[in-house]
Structures are given as C-alpha cells and as structure tokens.
Amino acid sequence: MCGIVGAVAQRDVAPILLEGLSRLEYRGYDSCGICTISNGSLRCIKTTQKVRVLMDMVRDEGCPGKTGIAHTRWATHGVPTATNAHPHIVGTLSMVHNGIIENFAQMKETLVKEGYAFKSQTDTEVLLAQIHFLHVKKGLPLKEAFATALRGVKGSYALALIDSEDPDTIYAARYGSPLVIGLGIEENFVASDVLALLPVTRRFIYLDEGEIAVLTTKSVRIYSLDLVEHHHEICESDLDAESISKGKYRHFMQKEIFEQPEALKNTAMGRLGADNADLSSITGFDPKLLEKTDCIKIVACGTSYHAGLVGKYWLEELAGISTSVEIASEYRYRRAVVKDNTLFITISQSGETADTLACLRLAKKQGYSASLCICNAGSSSLVRESDFAMLTRAGAEIGVASTKAFTTQLLSLLLITLYLGRTRKTISAEEGRKIVNAIKALPDAAREVLSGDEKIKELAGRFADKHNCLFLGRGIMYPIALEGALKLKEISYIHAEGYAAGELKHGPIALIDETMPVVVVAPDNALLSKLESNIEEVRARGGRLYVFSQEGSNAFKDDRQTNIIKLPAADPVLQPILFTLPLQQLAYHCAVINGTDVDQPRNLAKSVTVE
Ligand code: G6P
C-alpha cells in the first residue's frame, strides 16, 4: 500500500527519494510522485506509471533540492491519475499521505466556504488545505497548525509535509499507518518502511501512534499531538541493503519460494528441545500465562488467515485446545463472547495490516488472557503492541503473494502446538520427539519438494490458458487448498476457488465439465479414502484432475483424465507445509506464462495499512 519517503540533507535528495520509492514498490501502487524544495519553491513531478518512469522524468526535467518528499500511491479516494497522485500542493506546502481521512468531506465543506478550491479528488489534499488554513489564515506556526489539524482527523495517516518557506524541515506524523524515522549524519529521513532507507542508514526511530516528528539536518524532535516532547530509543536494523535484491532469480516470488528451506531452518533455530519446543525466544515469554490457556482465538487476513486455519487443526488435534479462527475485518465489527483463559493470537507477515492491528487493540478490551502475535517484522506495530511476539524469521518478503512468510507461520504454529501439547500432556514424550525430528528434517524435505520445479512448470503449461479452477482438500489440507487457489488467482488472474472436498456436491460440482481443471491436495492421511470418493465424483462428470499425491501411495492412477504429481513421502505432520510448495510453484509458473506482473500483481498491495 502507499509508500512514503522523505529526506532533509546537505545534498540533492531526489536520488535518495527515488531509490527509496523503488524499494517500496513491492507494497503495491498505481501512481507515484516526488516534490523537492528548489530555490525557495516547490518542484513536483508525478506519473501514473512505474517508479522507473518517474526516474526518467526526474532525469529529463530535473528535480534539484536538499529537502523533499516522495510517494507511491495505492488509490483509495479518487482514481489513479497524475492529479490524484501525491505529493499534493496547497500554497507553499506539499504533503504525502498513507491512510484514509474519514471526515474529509466535512472538512472540505468548511474549507470550500473559506475559498479553497481542490484540484484532486483525494482526502489528502483536503487535509493539507486544512493545515494551510490553520497556518496561513489563522497564523499558527506550521508545527502547531499540523498538530491542530491532526487532532481533528478521524481515520488513519502516515504523513510527511514540507514548506518551501521553511526549506530545511520535514514534518511527519503517524496514526494507524506505519512510519519510521531514519537517522543519518547531518541528514535525516522518514519512510513507511526501513527497507526504503537501508542504503542511507541503519539507525531508526519507530514513531508511536499519534506522534509528530520534526526533522532537520541537525535534529529529530518528536512530540505528541498536544506537542509535549517525547524521547525515543534509537534502534539499529540488522537488515542490509541486499535484503531486497533478486539475486540469480527472475522474480522476488521465485527467490522467496526457493528460500523456504533456509527460512524454515531459521524459524526452528534454537526453538527445539529433545521432545518439546523451546519458546523462550518469544518476546515477553511467560510460560505460566501460556500454560493456563483453555481456548485460542486466531485473527488474521489473507494468506495469514489460511495459516491460522491450519493452526486450528493442529491446536485442536494435537494440543486439545478449542480454537477458532476469524478474518480480522469481520472480527473487528462483531460482538465477540470471550471465555476465561482464552489466548488471542494474531498472525501477520507485515505486522502492519490495519484490520489485524485493530483487532489486537479491540481484544485488549475484551478480556483475553494475553495476546500473542506470529509476525515476520520484528519492529512492526503488531509486535510492539502484543504481550508476546513469536518472530517467523522468514527474512524480507517482497513479492506481494506471500510464500515463505506463510510456511514459516505454519512452522511457528506447529512449534506453539508442540509446546502446548507437551505441557498439557496431550502429546507424549515419544510423539514430541517424533515431531521434533520431523521439524529437523523439514528444510531438506522442502528442498526435495522444490526440486520438482521443472515438472510443475510443465504442468503449468497445461493450465495457464484456463479461466477457472477448483482446488480441493480435506481436513488440514482444506486450508492448503484455499491457499493454493488464492496464490493462483492473485498472480495469474485465473479465477480459482478452494473447497473442502466434502462440500463439492453441495454446489461446486455443478461447474465440473471437461474444461474445468480440479487440483486435489491428497497426501496419505486418515481422510484419503473419503477424498478418493470425492475425486470419483469429479471423474464421473468428465472433470480434469491434477492430484498432488505422495511417493508410495497407491491411491490414484494416472489416466486420460487424471494427472498425478508425486511428492516425496515425509512425516504426516509436515504435509501442510510441504504440499503448499508445489502449489506456489504452480501459481508462479502460470503467472510467468500469462505474462502478468508476478511480484506486483494488479490492484494488490503487500501491506494493507488501510481498512
Ligand atoms: C495482503 C497481502 C497478502 C497478505 C495479507 C495479510 O493482502 O497481499 O499476501 O496475506 O495482506 O497481510 P499480513 O502482512 O497481515 O500477513
């Protein structure tokens, strides 16, 4: 979703801003722009094309200046046009924004009466006009005008503001959308994400909700919205600028698929005992609080929600804990009944997803015993605001379609299940040892599955021209079918739906004919014979089957209608993780064949920081 970069320096900032924007491209956007202060006036360039086009425009048209802001926009209010793109300008002020100003219509009405006219359809321009009104017409110093305007805002924002009459300062603020301050030597920066600033600094300050920052080359001062000064710790990032390079791969998604063996190894590192998981690396770890858990509520969005669904099967079957899983955007707007000793778990790659974060804040008022987040971003809002945080350690994930973040979320949930099951004695020492050994073998098992890439590529060749597709699974493989379908639709734009195979005859079977591919996730497990019956129902209606089975299974026969893809046999507890991998590869290759933008599929954002 929208990306912000700002810099105040003693050198031209356009190269820093543009490099920052290109590092934020992965978040998803539909237009972009830059504004610098040059010789006391604003120089602004915007486009509805990619950042590389903006770079060409800046090179051709020139954008000098030692203070500037830049933005990638993911449209919320107003279609993606250059006029609606940020930065916006009112008088001598220019501003970029990530978030939604919910009361912008009322604000606009008043401002129109005051004589303001608006060029764009955005809420951002209205907020900027409000700041301008308070500064220029009411005579408040800019910092006070900024704070006063923000105190009147309903909604969410991350903002960076400059004034050509105050050319050595950037004003920034956040509420509900991420923003980080980067500290350089005689230069300071602001951005939506540390990744944007890694080429210029590794020292950061994470703004808290409702804080304002005033940046000059010499200082960074932080205030509450009431302008009381706050002091923050400086954090050193251990990410390096290389974290976002494609290396030998054609796409980030492809790189991230193949990074999974390593990522899974990192997730488990230091977290395994002889027959149990060692969760002491969880920040704020409190064994007593976790052990008295009777119920679990998991809340998440998108792929992370699918991880939660898998977690439910494990937590109920292996640890005997009643677990329910909900989509965050639904949970936050309904009345929930919370039983005693219920642990609230959020799952998120970014830790900044607006709905998931809102649920955590709500849950704190709802009587849960504690909140635990499973997250890939160590300094995210979700991690900072949860009682406990288990980091998935997948490394930076840039491809919009989540891959290694998902499988490391699954492994984190398995580790939590193992710990809770051992503590509650629903998992015996011997079973615990077996799970520990399976997890130790997981990176190699994942590597072996991924080595079947060529076969999957060939399969994708038969798939890519299809317009619709069904994914079927049963039991714990049902959420894997959902995730397989989501991956395919996200990046190849083939309409795909995941179904619990037992539901087939309650509707989707009406769609089956010889043109409809049906992907079945079918490892050897207790539900295999049930799944076979469901598959027969598809065969009887001429459906084309693509069955992911495993070596040694006698369950399916290759024939004109049925393609069998065999995965290496592995411990059953690993099946959800291992069977995810070829489905990611299938989606990836279909997208490449269809020529879509694999890493930044249309209309999607990596980090959904608005509701
Ligand atoms: C977006 C991304 C998905 C992701 C979802 C939840 O839709 O495109 O890949 O699964 O947000 O994001 P989170 O960061 O909370 O896991």
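The largest cavity of this predicted model has a volume of about 70 Å³. A search of the whole structure finds four cavities of 30 Å³ or more. Two elements each give two or more residues to the lining of the largest cavity, namely β6 (93-101) and α4 (123-137). The lining includes Cys2, Arg73, Trp74, His77, His86, His97 and Asp123. By class, this lining comprises three nonpolar, seven polar and two charged residues.

The second largest cavity has a volume of about 40 Å³. Its lining consists of Val449, Gln550, Leu567, Pro568, Ala570, Gln575, Leu578 and Phe579. Helix α19 (residues 575-594) gives the most to this lining, with three residues. Six of the lining residues are nonpolar and two are polar, while none is charged.

The ligand is found in the second largest pocket. Of the 13 residues around the ligand, Ser304, Ser348, Gln349, Ser350 and Thr353 come nearest. Helix α10 (residues 302-317) provides the largest share of this shell, three residues. The shell divides into four nonpolar, eight polar and one charged residue.

| Residue | Protein atom | Distance to a ligand oxygen atom |
|---|---|---|
| Ser304 | polar side-chain atom | 2.6 Å |
| Thr353 | polar side-chain atom | 2.5 Å |
| Val400 | backbone N or O atom | 3.2 Å |

The protein covers 91% of the 390 Å² of accessible area that the ligand has on its own.

Technical notes: Residues are numbered from 1 along each chain as its sequence is written. This is a predicted model: local features need pLDDT of at least 70, side-chain atom pairs count only at pLDDT 80 or more; totals for chains, interfaces and linings use all residues. Side-chain values use heavy atoms; hydrogens and water are left out. A residue is near a molecule or strand if one of its heavy atoms lies within 4 Å of it. A polar contact is a pair of N or O atoms within 3.5 Å; within protein, one must be able to donate a hydrogen and the other to accept it, and residues adjacent in sequence count only if both atoms are side-chain atoms. Accessible areas come from the Shrake-Rupley method with a 1.4 Å probe; for residues, only the protein chains shown count as cover. On a 1 Å grid over the protein atoms alone, a cavity is a set of points where a 1.4 Å probe fits but cannot get out, and a pocket is an open set with protein on both sides within 12 Å along at least five of seven lines; lining residues have an atom within 4 Å of a point. A molecule sits in a cavity or pocket if more than half of its atoms lie within 2 Å of its grid points. Helices (H or I, at least four residues) and strands (E, at least two) are DSSP runs, numbered from the N terminus. Ala, Val, Leu, Ile, Met, Phe, Trp, Tyr, Cys and Pro count as nonpolar, Asp, Glu, Lys and Arg as charged, and the others, Gly among them, as polar. Grid points are joined across faces, edges and corners, and a volume is the space filled by probe spheres set on the points.
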